[in-house]
Amino acid sequence: MTPALRTGRLHLDPYTPADEDDFVALFQDPAVSRWMGDGPATEAEDRALFGRIFTRVYAQDLFDVWAVRRDGRFVGHAEIKPTEETGGHEIVYALAPEAWGAGLGTELAEALVAYGAAHLGLTEVHATVAAPNTASLALLGRIGFTHVRDLREDDGSTTRVLTRVVRPAPAPAG
């Protein structure tokens, strides 16, 4: 079961069915969707994706995925999941454009890395970023991710694989 997480300014909570329109609006925003997965999808595809969060991801406890809120308002999406492309756990996040430029992406990425170390026992965390997405590449570089290799996509584009080594949190004394 995906737990709720808190940072200084963000609340990460499991999605509820009431989040569907916010989720779809985020993924339909061209400024966001150009960097997500295989790029922009139809509204119907994004609604189906949202449905699979409940019917597959949460139902089968496949990985952790959250709605991201600031001051009670939906501002983004976050997940940490095992992927073949990275050979480990990958962080995935997206913020609505109105939340850009305030350091929330850094706060969110750091929270996902910390969760991976503390709750999943990970010793490294990965991210995949489209090569032209210089803002995300810079953000991840600032918080300790390093470029380890490139993936050539079917459309000829390049995706950068980045890795950050982390130390699992020590077990509580007791």
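Reader: What is the relative accessible area of E43?
Author: This is a predicted model: local features need pLDDT of at least 70, side-chain atom pairs count only at pLDDT 80 or more, and totals for chains, interfaces and linings use all residues. Residues are numbered from 1 along each chain as its sequence is written, and side-chain values use heavy atoms, with hydrogens and water left out. Buried means under 20% relative accessible area, exposed over 50%, and partly exposed in between (1.4 Å probe, protein chains only). E43 counts as partly exposed because its relative accessible area is 40%.

Reader: Which residue forms a salt bridge with R47?
Author: A salt bridge puts a side-chain nitrogen of Lys or Arg within 4 Å of a carboxyl oxygen of Asp or Glu. R47 is partly exposed, at 28%. The closest N and O atoms are 2.9 Å apart, and the partner of R47 is E43.

Reader: Why are R47 and E43 about one helical turn apart?
Author: Helices (H or I, at least four residues) and strands (E, at least two) are DSSP runs, numbered from the N terminus. An α-helix has 3.6 residues a turn, so residues three or four places apart point the same way. R47 and E43 are about one turn apart because their separation in helix α3 is four residues.

Reader: How many salt bridges does a search of the whole structure find?
Author: Side chains of opposite charge can pair when their charged atoms come close. One network, built from salt bridges that share partners, joins R6, D13, D19 and R69. Over the whole structure, the number of salt bridges is eleven.

Reader: What is the N to O distance in the salt bridge of R160 and D150?
Author: R160 sits in strand β8 and D150 in strand β7 (residues 146-152), ten residues apart. R160 is partly exposed, at 25%. D150 is partly exposed too, at 38%. Their side chains meet with an N to O distance of 2.6 Å.

Reader: How many aromatic pairs are there?
Author: Rings of Phe, Tyr and Trp (its six-membered ring) pair if their centres lie within 6.5 Å; planes under 30 degrees apart are stacked, over 60 edge-to-face, and the rest tilted. Ring pairs link Y15, F23, F27, F50, F54, Y58 and F74 into a cluster. By the ring rule, the count of aromatic pairs is eight.

Reader: Which class of ring pair do F23 and F50 form?
Author: Both residues are buried. F23 lies in helix α1 (residues 20-28) and F50 in helix α3 (residues 43-58), 27 residues apart. The ring centres are 5.1 Å apart and the planes meet at 50 degrees, so the pair is tilted.

Reader: What is the angle between the ring planes of F54 and Y58?
Author: F54 and Y58 both lie in helix α3, four residues apart. F54 is partly exposed, at 24%. The ring pair is edge-to-face, 5.6 Å centre to centre, with a plane angle of 80 degrees.

Reader: What span does α4 reach from its first C-alpha to its last?
Author: Buried residues of α4 include L104, L108, L112 and Y115. The expected span of a helix is 1.5 Å times one less than its number of residues. For α4, with 17 residues, the expected 24 Å is close to the span in the model, 23 Å.

Reader: Which side chain makes a polar contact with that of H77?
Author: H77 is in strand β4 and is buried, at 2%. A polar contact is a pair of N or O atoms within 3.5 Å; within protein, one must be able to donate a hydrogen and the other to accept it, and residues adjacent in sequence count only if both atoms are side-chain atoms. At 2.7 Å, the side-chain partner of H77 is Y15.
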